[in-house]
Amino acid sequence: MITVILILMPRTVLLGALLGSGIMVGAIFSHLFVLGIEVQGDGGTLFALANITLLSCLALIFLNRDKLPNLLKLKI
């Protein structure tokens with residue numbers, strides 16, 4: 001929920017996208033190595049949604065890459 005709020009606020013979109021991509025990498029690795037791609041007969045829907053969310057976060061990071069050096073100077 002915190003990630004979504006950070007993505008929705010223009011000043012913190014990069015921080016939210018970085019946090020979201022980290023969470024989604026963890027979710028994808030857990031699908032690949034622990035849970036399996038199909039969980040409880042969902043046909044791989046959760047795995048697909050995790051991939052789509054990761055790609056969206058990576059797109060936000062790419063679009064806001066000019067703000068990356070200023071990330072540590074962020075004042076909310």
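Threonine 12 is buried, because its relative accessible area is 2% (buried means under 20% relative accessible area, exposed over 50%, partly exposed in between, with a 1.4 Å probe and protein chains only). This is a predicted model, in which local features need pLDDT of at least 70, side-chain atom pairs count only at pLDDT 80 or more, and totals for chains, interfaces and linings use all residues. Residues are numbered from 1 along each chain as its sequence is written, and side-chain values use heavy atoms, with hydrogens and water left out.

**Confidence**

- The chain has an average pLDDT of 90, and 95% of the residues score at least 70; pLDDT is the predictor's confidence in each residue, from 0 to 100.
- Helices are DSSP runs (H or I, at least four residues), numbered from the N terminus.

**Two threonines**

- Threonine 12 lies in the loop between α1 and α2.
- Computed along the sequence, threonine 12 and leucine 71 are 59 residues apart, while their C-alpha atoms are 8.9 Å apart in space.
- Threonine 3 belongs to helix α1 and counts as buried because its relative accessibility is 13%.
- Neighbours within four places in sequence aside, threonine 3 is in contact with Gly16, Leu19, Gly20 and Ile23 (contact means heavy atoms within 4.5 Å).

**Packing of α2 and α3**

- Helix α2 (residues 13-35) and helix α3 (residues 45-63) have axes that come within 8 Å and cross at roughly 150°. Axes are lines fitted to C-alpha atoms, for helices over the stretch in contact, and angles run from 0 to 180 degrees between N-to-C directions.
- α2 and α3 are therefore roughly antiparallel to each other, a term for angles over 145 degrees.
- The contact involves residues of α2, including Leu14, Ala17, Met24 and Ile28, and residues of α3, including Phe47, Leu54, Cys57 and Ile61.
- The residues of this contact comprise 17 nonpolar, five polar and no charged. Ala, Val, Leu, Ile, Met, Phe, Trp, Tyr, Cys and Pro count as nonpolar, Asp, Glu, Lys and Arg as charged, and the others, Gly among them, as polar.

**Burial and the end of α2**

- The buried residues of α2 include Val13, Gly16, Gly20, Ser21 and His31.
- These buried residues of α2 pack against α1 and α3.
- Glycine 36 follows α2 and has a positive phi, near 100°.

Terms used. Parallel < 35°, antiparallel > 145°, perpendicular 65-115°, else oblique.
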